Amino acid sequence: MNHLQGVCEPRFAAVGAALSASLGKDDVGASVAVYLDGEPVVDIWGGYADADRSVSWGRDTLAGVTSTTKTMTALCALLLADRGLLDLSAPVAAYWPEFGAAGKENVLVRHVLSHTAGLPDLSGLTAVEDLYDWHGVTTRLAAQAPEWEPGTAAGYHALTFGFLVGEIVRRITGRGLGEFFAEEVAKPLGADFHIGLSAEHDRRVVPLIPPPSLTDEYASSAPLGLDGTRREHTGAAVRVRDANSVAWRRAQIPAVNGFGNARSVALVQSVLANRGAAGGVRLLSPRGCEPAWQEVFRGEDRVLRSPMSWTVGFGKFGSTFGWGGWGGSLVASDPGARMTVAYVMNQMLDRDQQEDNRGMEIIMAAYSGLQ
């Protein structure tokens with residue numbers, strides 16, 4: 001039942017063992033990848049694409065990675081900064097003039113990327129369908145007042161992160177975040193990752209499976225983000241059924257609606273761990289990668305209600321940086337080791353019901369291969 005496919009260098013055998021064990025316990029289907037020095041050393045997958053376990057998880061299976069998408073959106077901003085088109089220390093209003101309203105004239109680009117802008121919620125969000133209206137969402141964000149003095153506190157911007165960064169990218173390039181990512185990141189790298197998904201890929205997408213004993217009405221611990229979010233929220237909560245819908249796939253919600261597999265996630269993020277290049281393709285200068293692991297804020301996160309260290313676009317955890325998504329997917333990069341580890345699955349777990357150590361066990365197994 002736990003037969004794995006793909007390739008795994010012998011010294012990383014513990015990674016395969018960890019995935020096999022997870023497939024025998026909590027996972028239905030999943031993929032894992034490890035990149036070292038910008039090259040794949042582990043690219044494995046196994047299990048099933050559906051809850052009935054009737055269709056095998058394949059090499060090119062895609063899954064929604066929810067908030068792991070934020071790492072891709074952040075990379076787009078770092079790419080523009082490295083090209084001299086975006087100043088991370090400039091006011092957002094320098095690129096998006098309307099944004100300077102309601103006391104936001106001093107909100108800097110780095111505040112948006114480090115969850116310190118004071119805009120963790122979108123006011124007036126009453127239905128998930130509201131998220132599909134890019135102009136409507138960004139217009140409301142431009143008019144909204146911050147909840148705190150920007151830069152003085154952090155609060156996970158679960159949904160707003162993608163609209164804020166995405167609109168900055170659009171104002172600079174004239175392209176939506178998904179289009180910019182496809183043309184400037186995914187295409188040069190040959191990465192099978194998509195922010196928003198076109199119909200041609202629908203046949204490869206596996207639905208997210210709600211946690212055991214729950215249905216597709218299971219909602220994120222609103223707002224949508226990494227499991228563990230505890231913030232009270234009165235707006236519309238995103239349910240599993242929403243994240244599995246065609247409308248969700250077609251939309252542009254760059255904080256949460258990315259689709260890929262572990263191979264594509266690790267490939268893209270290994271660019272930052274490997275000083276700007278992966279697979280022989282250079283996207284950034286070595287210096288352009290540094291904001292990804294340089295701490296901007298450390299302290300209690302007002303939304304996650306836990307101590308956090310935020311960089312420009314990523315969570316920082318010791319020597320690693322990265323982020324994870326609702327249900328369990330994650331990516332972690334270590335610039336010192338030049339290693340990136342990614343885990344993408346379809347079986348969600350609810351941390352209120354049980355611990356979810358799947359991704360962490362795979363990361364620790366990867367480190368054992370470096371010894």
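**Notes on the aromatic pairs, sheets and cores**

1. Let's start with a phenylalanine: F321 is buried, with a relative accessible area of 1%. Please keep in mind as you read that this is a predicted model. F314 is likewise buried, and its relative accessible area is 1%. The ring centres of F314 and F321 are 5.2 Å apart and their planes stand at 80°, so the two make an edge-to-face pair.

2. How many aromatic pairs does a search of the whole structure find? The search turns up ten. One of them joins W134 and F163, a tilted pair with 5.0 Å from centre to centre and 50° between the planes. W134 belongs to helix 4 (residues 134-143) and F163 to helix 5 (residues 160-173), so this pair ties together parts that lie 29 residues apart in sequence. Both partners are out of the way: W134 counts as buried at 18% relative accessibility, and F163 counts as buried at 1%. For W134, the cut-off to have in mind is that buried means under 20% relative accessible area.

3. Y156, W310, F317 and W323 together form one aromatic cluster. Elsewhere, K104 places its charged end over the ring of F99, at 4.8 Å from the ring centre.

4. Now to strand 3 (residues 39-47), which is mostly covered, with seven of its nine residues buried. Strand 1 (residues 4-8) runs antiparallel to strand 3 and is joined to it by five bridges. Within strand 3, W45 is the residue that stands opposite Q5.

5. Strand 3 also pairs with strand 2 (residues 29-36), again in the antiparallel sense, and here there are eight bridges. L36 stands opposite E39 of strand 3. What do strand 2 and strand 3 form, and which residue in the turn has a positive phi? They form a hairpin with two residues between the strands, and D37 in the turn has a positive phi of about 55°.

6. The largest nonpolar core has 88 residues, of which L113, L131, F181, L189, W248, L272 and L284 touch the most other members. Helix 2 (residues 70-82) supplies the largest share of this core, eight residues. Leaving aside residues up to four places away in sequence, L189 touches L267, V268, V271, A278, V281 and L283. A second, separate core has 22 residues, among them A30, L330, M339 and V341. In general terms, nonpolar side chains tend to be buried together in soluble globular proteins.

Note on methods:
Residues are numbered from 1 along each chain as its sequence is written. This is a predicted model: local features need pLDDT of at least 70, side-chain atom pairs count only at pLDDT 80 or more; totals for chains, interfaces and linings use all residues. Side-chain values use heavy atoms; hydrogens and water are left out. Rings of Phe, Tyr and Trp (its six-membered ring) pair if their centres lie within 6.5 Å; planes under 30 degrees apart count as stacked, over 60 as edge-to-face and the rest as tilted. Helices (H or I, at least four residues) and strands (E, at least two) are DSSP runs, numbered from the N terminus. Buried means under 20% relative accessible area, exposed over 50%, partly exposed in between (1.4 Å probe, protein chains only). A charge sits over a ring if NZ of Lys or CZ of Arg is within 6 Å of the ring centre and within 35 degrees of the ring normal. Two strands pair if DSSP finds at least two bridges between them. A nonpolar core is a set of buried Ala, Val, Leu, Ile, Met, Phe, Trp, Tyr and Cys residues joined through side-chain atoms within 4.5 Å. Contact means heavy atoms within 4.5 Å.
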